[in-house]
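Have the structure open and follow along.

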Amino acid sequence: MEKNNSRSTFTSSLGFVFAAAGSAVGLGNIWRFPYLAAKDGGGLFLVTYVVLALTFGFALLTTEIALGRKTRQSPLTAYKQLSAKWSWIGIVACLVPAIILPYYSVIGGWILKYLAEFLTGNAASTVADGYFTGFITAQWAPIIWFAIFLLATMLVVYKGVQQGIERLSKVLMPVLLVLILCIAIFSLTLTHTDEAGVTRTGLQGLAIYLIPNFEGMTLSKFLGVLTDAMGQLFFSISVAMGIMIAYGSYVSKETNLVQSVNRIEFFDTLVAFLAGLMIIPAVYTFMGPEGMSSGPSLMFISMPKIFSAMGGIGIVVGIAFFVMVTFAALTSSVSIMEAVTSSFMDEFHLKRKTSVLLVTLGAFIMGTIVCLGYNLFYFDLTLPNGAVGQILDILDYASNNILMPLVSIATCILVGWVAKPKAIIDEITLNGERFPREKLYVVMVKYVTPIMLLFLLLQSLGIVK
Ligand code: PHE
């Protein structure tokens, strides 16, 4: 492996933590975590999520980062170093980010469009009924905004690990944290009286978020909370798509991986928690207990309405919000592109620049098709989990619900049973580092994690309810 000596590295452990946290903190933290928390009993969901992060999330993240650093390879080629028979995981693990990159960048384009509307004083237009649908079903505008977002992603990846990814994350992540903290604090100060004369406050919303709600809780409902938290965590820590393997391969052998995994998870969970603190009180104050939604309808329909209801200051809060979301999305899309780019570099011995250009071209073509999924190529398809969707939703379903659990189940079997957990443990304790949860790690990777993921997979396929 002549390339190993010249492989890029992050300049410091902190640089790595910011880059990995940048990948982990994304749209999921902002538009899904708060919704699930509000739906699944507030504090009950939060506690479940944290327990899962410390066990299930910890096992998956540790495995991928250690695998990357051990093999010094990107996902496409890393798995075959553990076992030639299991090299197919690398192919699927590289296919996942290749599928996600185009549609994630399409959504990135929608965010840029809203940011531009807020910056140019057109915030009011985004509140009109049908504005969002009008925008995404237009022929050209979504493609142009998508292309801008993809280009920005490309420029960062083109500049490489240190000059591009690490530098960007070290600036954007702290700014993101400050922004989300400020908006969250502001959210808690809100109060509003609706037409019926009912006054609601941000602090009441906070109570809904934090206080565990056991009302009507049954075992089967709790299982629902558990799978929601597990699915969310799984997506949020950016595993099962080769990203953490690629980033792990750029980490120096001196870095303490246990500490890094803890920090990445802490940052990711903190931002998700703050997103709830920002969104739940605001939605509750202006829209009431029934107003909570997730995904694009929360981000592009409810939030603009809430900013508008705040009056003049809403423009400032809206700008801060969309800047923050842009940062979250960009650091994630950069990581997705890097996973594919580095795979092509390792497998086909391409230069970074050639590889980035190829990946961007492919993503541009696929992303354009995704945009046209709301226009020229419009159709409705009912997915196995009951949701009705367009091209974007189909790609999202195929990657998140099918391929990602598959990659992680296979990774657990490979590491737990074929290569044996010792392979990972040795990498983690390379310089004699302490690995306090070693026993837990072994049990998680061999038994608990693959079984939990299998359940998630069967649920996505509509086989279990
Ligand atoms: N983990 C990111 C989130 O929570 C999303 C993401 C998905 C990042 C795919 C990279 C790749 O939103």
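## α4 against α11

Start with helix α4 (residues 43-71) and α11, which pack at an angle of about 55 degrees with their axes 9 Å apart. Helices here are DSSP runs of H or I with at least four residues, numbered from the N terminus. The axes are lines fitted to C-alpha atoms over the stretch in contact, and the angles run from 0 to 180 degrees between N-to-C directions. This is a predicted model, where local features need pLDDT of at least 70 and side-chain atom pairs count only at pLDDT 80 or more, while totals for chains, interfaces and linings use all residues. Residues are numbered from 1 along each chain as its sequence is written.

At that angle, α4 and α11 are oblique to each other. For the wording: under 35 degrees is roughly parallel, over 145 roughly antiparallel, 65 to 115 roughly perpendicular, and the rest oblique.

Who touches whom? On the α4 side it's Leu 44, Phe 45, Thr 48, Tyr 49, Leu 52, Ala 53, Phe 56 and Gly 57, and they meet Val 225, Leu 226, Ala 229, Met 230 and Leu 233 of α11. A contact is counted if the C-beta atoms, placed from the backbone, lie within 7 Å. By class, this one has eleven nonpolar, two polar and no charged residues. Nonpolar covers Ala, Val, Leu, Ile, Met, Phe, Trp, Tyr, Cys and Pro; charged covers Asp, Glu, Lys and Arg; the others, Gly among them, are polar.

## α11 against α19

α11 also meets helix α19 (residues 438-460): the axes come within 11 Å and cross at roughly 100 degrees. That makes the two roughly perpendicular. Thr 227, Met 230 and Gly 231 of α11 face Met 452, Leu 456 and Gln 459 of α19. The tally for this contact is three nonpolar, three polar and no charged residues.

## α6 and α17

Next, look at helix α6 (residues 87-119) and helix α17 (residues 391-418), which pack at about 150 degrees with their axes 9 Å apart. They are therefore roughly antiparallel, and their crossing is left-handed. Among the α6 residues in the contact are Ile 89, Val 92, Ile 99 and Tyr 103, and α17 gives residues including Leu 392, Asp 396, Met 404 and Leu 414. The residues of this contact divide into 18 nonpolar, two polar and one charged.

## Around the ligand

How many residues surround the ligand? There are 15, and the closest are Gly 26, Gly 28, Ser 236, Ser 238 and Ser 332. By class, the shell has seven nonpolar, eight polar and no charged residues.

Ser 238 is worth a click: it lies in the loop between α11 and α12 (243-248), and its phi is near 60 degrees, a positive value in a residue other than glycine. Ser 238 is also buried, with 29 other C-beta atoms within 10 Å. On this scale, 20 or more means buried, 12 or fewer exposed, and in between partly exposed, with C-beta atoms placed from the backbone. Ala 240 is found in that loop between α11 and α12 too, with phi near 70 degrees, again positive in a non-glycine residue. Ala 240 counts as buried, with 29 C-beta neighbours inside 10 Å.

Ala 272 sits in helix α13 and is buried, with 26 other C-beta atoms within 10 Å. Leaving aside neighbours within four places in sequence, Ala 272 is in contact with Asn 29, Phe 33 and Ser 236. The C-alpha atoms of Ala 272 and Phe 33 are separated by 6.2 Å, although the two residues are 239 apart along the chain.

Finally, Ile 136 lies in helix α7 (residues 131-136) and is buried, with 23 other C-beta atoms within 10 Å. Beyond four places in sequence, Ile 136 touches Trp 110, Pro 142 and Tyr 374.

Note on methods: A crossing is left-handed if the near helix is turned anticlockwise from the far one by less than a right angle, and right-handed if clockwise. Two residues are in contact if their C-beta atoms, placed from the backbone, lie within 7 Å. A residue is near a molecule or strand if its C-beta atom, placed from the backbone, lies within 6 Å of it.
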